[in-house]
Amino acid sequence: MNVKINNEPAVLADGTTLAQLAAERNLPDRGVAVAVGNAMVPRAEWAGRTLVEGDDIVILKAFCGG
Amino acid sequence: MEKLVIAGREFGSRLFLGTGKFSSNEVMAESIGASGTEMVTMAMKRIDLADKGDDMLAHIVRPGIQLLPNTSGTRNADEAVFAAKMAREAFGTNWLKLEIHPDPRYLLPDPVETLRATELLVKEGFVVLPYCQADPVLCKRLAEAGAATVMPLAAPIGTNMGLRTRDFLGIIIEEASVPVVIDAGIGAPSDAAAAMEMGADAVLVNTAISVAGDPVAMAKAFKKAVEAGREAYEAGLGRQSADMTADASSPLTAFLN
């Protein structure tokens, strides 16, 4: 299926969950937040969140700033 | 020195530190240590999955340091609320430096969106520290909306231009019902000391330290300046004369003739 990750097109296997995506992309254990369709998805819900065609996924991480 | 209390949490240091523009995470970490700060700001950005960069959080997270994620990059209240929820998840804290500055040239905070976002975020249970214009009326409105502090600017972000809004900061400090943190534009330890002498509760410094010739030494200098300024305020400064007429500090009795 086709999704967008941080505005870049990406192809994922059908039925991929957010937890699987996070593992595949080696997301760090902390300092990261994920949203699907502009709604934040808590880490505890990643395993139960199956992605679907057209999902718009945003992954943010901690960065230096004032 | 009296302790600063924000939203029920005590702070021994009245210097808050931003983490932008340091030459390395190591220099940043050492500067944080040297500053004695207990409140450190950070931002978020879209992850670059190809970039296996250093984990900046590992250099910041210490016992006794409150993380203060910001909403930099947002242009309105809705974006700020989204960023706030992402930050709460990423950093595990409901403390938030709310900053909404849609104009990239001066990075001045949007007062209307900032007030609206404060109202929304307080309802969502955030401890909101809004970056705002040095506007006494706006600061009152933010406090009424439930902001934990107000953070009026001294000068635009990163300019090192000092207390350009000084007279209005004075009104804000006089009228404030919540702690006043002077944020943005503080360029030298003397600016920080002056703000503290005026009765500011804390200052937030970033660029002046991170781009200094020796950031660690500058962090130490700011620590001393903030402490000196606060101690002077608590000691009670002597009154300034209305004109230049001298008032002798030594006896004027003649003793040579």
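A:Thr17 is a buried residue, because its relative accessibility is 12% and buried means under 20%. You'll find A:Thr17 in chain A, in the loop between β2 (8-11) and α1 (18-24). Keep in mind as you look around that this is a predicted model. Which residues does A:Thr17 touch, once its neighbours within four places in sequence are set aside? They are A:Trp46, A:Ala47, A:Arg49, A:Thr50 and A:Leu51.

Now hop over to chain B and look at another threonine, B:Thr41, which sits in strand β4 of that chain. B:Thr41 counts as buried too, since its relative accessibility is 0%. Again leaving out neighbours within four places in sequence, B:Thr41 has contacts in both chains: A:Gly65 and A:Gly66 from chain A, and B:Leu17, B:Gly18, B:Thr19, B:Leu68, B:Lys97 and B:Leu204 from chain B.

Chain B puts 30 residues into the contact, and chain A puts in 27 residues. Together they bury about 2,400 Å² between them, with carbon and sulfur atoms giving 64% of that area. On the chain B side, the elements that give two or more residues are α1 (25-35), β4 (39-46) and α2 (77-91). Sort the residues of that side by type and you get 14 nonpolar, seven polar and nine charged.

How many salt bridges run between chain B and chain A? The count is zero. Polar contacts are another matter: nine residue pairs are in polar contact between chain B and chain A, with both residues of each pair at pLDDT 80 or more.

Strands also take part in the meeting of the chains. Strand β5 of chain A (residues 56-63) runs antiparallel to β4(B), and four bridges join them. If you'd like one spot to look at, find A:Ala62, whose bridge partner in β4(B) is B:Met44.

Chain B also has an open sheet of three strands, in the order β6-β7-β8, with parallel pairing. The strands at the edges are β6 (95-98) and β8 (151-152); each has a single partner strand, so one side of each is left without a neighbour in the sheet. Between β6(B) and β7(B), the parallel pairing extends over four bridges. Here B:Lys97, one of the contacts of B:Thr41, stands opposite B:Leu129 in β7(B).

Next up are the salt bridges. Side chains of opposite charge can pair when their charged atoms come close. Over all chains, the structure holds ten salt bridges.

One of them is between B:Glu124 and B:Lys85, whose closest N and O atoms are 3.5 Å apart. This pair ties together distant parts of the chain: B:Lys85 is in helix α2, B:Glu124 is in the loop between α3 (111-123) and β7 (127-132), and the two are 39 residues apart.

B:Glu113 and B:Arg116 form a salt bridge with their closest N and O atoms 3.4 Å apart. They are three residues apart in helix α3 of chain B, so about one helical turn separates them.

Helix α8 of chain B (residues 215-235) holds B:Lys223 and B:Glu227, four residues apart, which is about one turn of the helix. They form a salt bridge too, and their closest N and O atoms are 3.2 Å apart. Both are partly exposed, with a relative accessible area of 30% for B:Lys223 and a relative accessibility of 29% for B:Glu227.

Finally, look for a trio: B:Glu2, B:Arg230 and B:Glu234 are linked in a network of salt bridges.

Notes
Residues numbered from 1 in each chain as written. Chains lettered and ligands numbered in written order. Predicted model: local features only at pLDDT ≥ 70, side-chain atom pairs only at ≥ 80, totals over all residues. Heavy atoms only, no water. Contact = heavy atoms within 4.5 Å. Buried area = accessible area lost by both parts, 1.4 Å probe. Salt bridge = Lys/Arg side-chain N within 4 Å of Asp/Glu carboxyl O. Polar contact = N/O pair within 3.5 Å; in protein donor to acceptor, adjacent residues only side chain to side chain. Nonpolar A, V, L, I, M, F, W, Y, C, P; charged D, E, K, R; others polar. Pairing = 2+ DSSP bridges. Buried < 20%, exposed > 50% of the residue type's maximum accessible area, 1.4 Å probe, protein only.
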